[in-house]
Amino acid sequence: MTQRNPADPPPPSVVDLRSDTVTHPTAAMYERMRTAPIGDDGLDGDPTVRELEACVAASLGKEAGLFVPSCTMANLLAVLAQTQRSEQVVLESTAHMYTSERGAATFTGLFYQGVSGSAGAMDLNRLEEALLTGGHRLKTSLVAMETSHNNAGGTVLPLDHMQAVHGMAQAAGVPVHLDGARLFNAAVALGVPAADITRHADTVALCLSKGLSAPVGAVLAGSQPVVAKARTLRRMLGGTQRQSGIMAAAGLEGVQHMAARLAEDHVRARRLSDGVNGLAPALSATVPQTNIVQVETAETGMTNAQWVAALQARGVLTRPWGRTRLRCVTHRHIGDQDIDAAIAAFAGVLDAR
Ligand SMILES: *Cc1c(COP(=O)(O)O)cnc(C)c1O
């Protein structure tokens, strides 16, 4: 019996657009995982984890890095390491840290203050208000941004916006965290080195298991003292692992070799968007800046749950996003034929209504 190579993409009958988290490790990742020097990261350190932490810190222009099991934990540690209970974190009100990481927020004893924005960028007037002190206000101890912005459809924050936010926060004596789960998608879309983005933040969370294709993990990067504090907190949360160099090896391969190819995912997302927008006025897709396309189904007379099921019956997996939208994410296992198959599935469901 021949065994399927685990580095191969999933069987071609399914076009899985649910998320870029479904990507499997590459063959090169498996090879590095097999051969990486390892140690005990909870005892005296793991050499491959140290290499990953140093590599990410250097490429993001930060002093130090910390390997953690997930980007959720990286964001949580950034908060815990830089705040005190009864203070507040200010962030755009559709940020992942706000909409999807509330569970983590409940452990912090902090209030998360959402600030309205557009395309993932906070309204600077609202931010100014949130940074005011005195009276009944809570002290703002951290401002967070997100790029590319998941809920805003993979939009990329303009660098001048990031600079303005950082400047306002600095003037108020408040550090800035960047949820850069898809930081390299943003860097590729802007055509700049990642460090040109991360210079507008004091700490950065980078997810290794999305488009970069590593199986698990994230890195928190920042100043030496903040990362040292986060390292202590990581142990308290049970996030310190042992021969984690095996996973860090895949992350290293991702950071060093998988960022440039994200441009292909962006081109295919655009191809999907153009294809869906060409079908019928009832269906409209966002024009993507990166690898996320949201498809609006409100005018089709079908609920998005019906859409998800009907597309699935045609071999295309998507996720409901809010009441009337579907989210489609391109990634390494999605080729041009898969995009064409997805567009055909959308057309088929429309016709069969
Ligand atoms: C996926 C994601 C996270 C969380 O990453 P995990 O590694 O799954 O915990 C955080 N922020 C954003 C913007 C994300 O898209």
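Trainee: How many residues lie between E14 and E15 in the hairpin, and which residue in the turn has a positive phi?

Mentor: This is a predicted model, in which local features need pLDDT of at least 70, side-chain atom pairs count only at pLDDT 80 or more, and totals for chains, interfaces and linings use all residues. Residues are numbered from 1 along each chain as its sequence is written, and side-chain values use heavy atoms, with hydrogens and water left out. Strands (E, at least two residues) and helices (H or I, at least four) are DSSP runs numbered from the N terminus. The hairpin of E14 and E15 has three residues between its strands, and Gly322 in the turn has a positive phi of about 75°.

Trainee: Which strands are joined to E15 by bridges?

Mentor: Two strands pair if DSSP finds at least two bridges between them. Strand E14 (residues 319-321) runs antiparallel to E15 and is joined to it by three bridges; here Arg319 has Arg327 as its bridge partner. Strand E12 (residues 292-296) is also antiparallel to E15, with five bridges, and Val293 stands opposite Cys328.

Trainee: How many residues of E15 and of E9 are buried?

Mentor: Buried means under 20% relative accessible area, exposed over 50%, and partly exposed in between (1.4 Å probe, protein chains only). In E15 (residues 325-329), four of the five residues are buried. In E9 (residues 203-207), five of five are buried: Thr203, Ala205 and Cys207 point one way, and Val204 and Leu206 the other way.

Trainee: In which sense, parallel or antiparallel, does E9 run with E8 and with E10?

Mentor: Strand E8 (residues 176-180) runs parallel to E9 over four bridges, and His177 is partnered with Thr203. Strand E10 (residues 218-222) pairs with E9 in the antiparallel sense, also over four bridges, and Leu206 has Val219 as its partner.

Trainee: Which residues come nearest to the ligand?

Mentor: A residue is near a molecule if one of its heavy atoms lies within 4 Å of it. Of the 13 residues around the ligand, Cys71, Thr72, Asp179, Arg182 and Lys210 come nearest. Helix H3 (residues 71-82) supplies the largest share of this shell, three residues.

Trainee: What are the distances from the side chains of Lys210, Arg182 and His96 to ligand atoms?

Mentor: A polar contact is a pair of N or O atoms within 3.5 Å. Ligand oxygen atoms lie 2.7 Å from a side-chain N or O atom of Lys210 and 2.9 Å from a polar side-chain atom of Arg182. For His96, a side-chain N or O atom is 3.4 Å from a ligand nitrogen atom.

How values were computed. Polar contact = N/O pair within 3.5 Å; in protein donor to acceptor, adjacent residues only side chain to side chain.
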